[in-house]
Amino acid sequence: MVTIFSKYFLDSLVTKSILLSSNQQMTITNDQHYIDRVLKGDTQAYTFLVNRYKNMVFTLAMRMLRNKEEAEEVSQDAFIKAFSKLSKFKGDAKFSTWLYKVVYNTSLDRLKKMKRNVQVVPMEEVTERQIKTMDNALDQMEQNERSEAVQQCLNFLPSDESALLTLFYFEELSLKEISKITTTSINNLKVKLFRSRKKLAVILQEKIAPEIIESYG
């Protein structure tokens with residue numbers, strides 16, 4: 001029987017539908033409208049794209065860099081790079097996916113300069129009973145509270161794995177989109193996401209369960 005915990009965080013990797021909703025299609029159309037205006041010399045039109053995606057860009061940068069000032073600088077650098085390379089955007093993918101790739105690579109470059117040590121999370125097994133206990137606790141939490149708890153635990157993962165889970169679960173990007181952003185094959189991406197989800201389960205057990213089980217378990 002699939003637990004709520006599994007449903008939210010450890011469910012099977014299934015490629016999301018490539019069919020776009022009307023809202024998504026409208027977003028793409030609107031984005032292209034402003035991109036065309038920028039390429040025709042209306043640089044002020046870029047402000048619309050910055051305002052639309054600034055939170056998205058900062059969230060990914062923050063997830064990878066774990067430092068507000070660094071994330072703000074990387075976000076600014078990413079928007080500048082995207083502006084300078086806008087003529088290279090061919091429209092064969094969503095603008096947000098293309099922009100995410102710029103942010104992802106800019107963050108990786110910054111991490112290399114910072115020479116930050118990679119956190120190691122043990123790949124120990126989480127028993128079904130332990131997952132069931134966490135499941136019961138998480139299921140009784142409010143949605144926002146549960147989301148905040150998981151967001152906090154993501155900070156204990158290595159930056160690249162935290163970014164992958166953020167893109168997949170919170171930004172709800174498809175495997176195909178994440179593959180383009182990270183330049184990783186879909187098969188390798190599935191393996192990385194599986195391992196990252198396993199690590200997240202370990203962290204949830206260690207960091208969250210002791211605090212919430214007393215109240216919700």
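Start with L86, which, leaving aside neighbours within four places in sequence, is in contact with I35, V38, L39, Y46, F95 and W98; contact means heavy atoms within 4.5 Å. Before going on, the ground rules. This is a predicted model, in which local features need pLDDT of at least 70 and side-chain atom pairs count only at pLDDT 80 or more, while totals for chains, interfaces and linings use all residues. Residues are numbered from 1 along each chain as its sequence is written, and side-chain values use heavy atoms, with hydrogens and water left out.

Back to L86. It sits in the loop between α4 (68–84) and α5 (95–114); helices here are DSSP runs of H or I, at least four residues, numbered from the N terminus. L86 counts as buried because its relative accessibility is 1%. The cut-offs are under 20% relative accessible area for buried, over 50% for exposed, and partly exposed in between, with a 1.4 Å probe and protein chains only. One of the contacts of L86 is V38, which is 48 residues away along the chain, with a C-alpha separation of 8.5 Å.

Helix α3 covers residues 46–65 and has a kink of about 55 degrees centred on Y53. The bend at a residue is the angle between axes fitted to the seven residues ending there and the seven starting there. Y46 and Y53 are both among the buried residues of α3, as are R63, M64 and L65.

What follows α3? It is R66, with a positive phi near 60 degrees. R66 is not a glycine, and its place is in the loop between α3 and α4. At 23% relative accessibility, R66 is partly exposed.

Next, α5 against α9, residues 175–182. Their axes are 8 Å apart and the packing angle is about 40 degrees, so α5 is oblique to α9. Axes are lines fitted to C-alpha atoms, for helices over the stretch in contact, and angles run from 0 to 180 degrees between N-to-C directions. Oblique is what remains after under 35 degrees (roughly parallel), over 145 (roughly antiparallel) and 65 to 115 (roughly perpendicular). From α5 the contact uses T97, Y100, K101 and Y104, and from α9 E177, K180, I181 and T182.

Last, T183, in the loop between α9 and α10 (186–216). T183 is another non-glycine with positive phi, about 55 degrees, and it is exposed, with a relative accessible area of 62%.

Note on methods
Helices (H or I, at least four residues) and strands (E, at least two) are DSSP runs, numbered from the N terminus.
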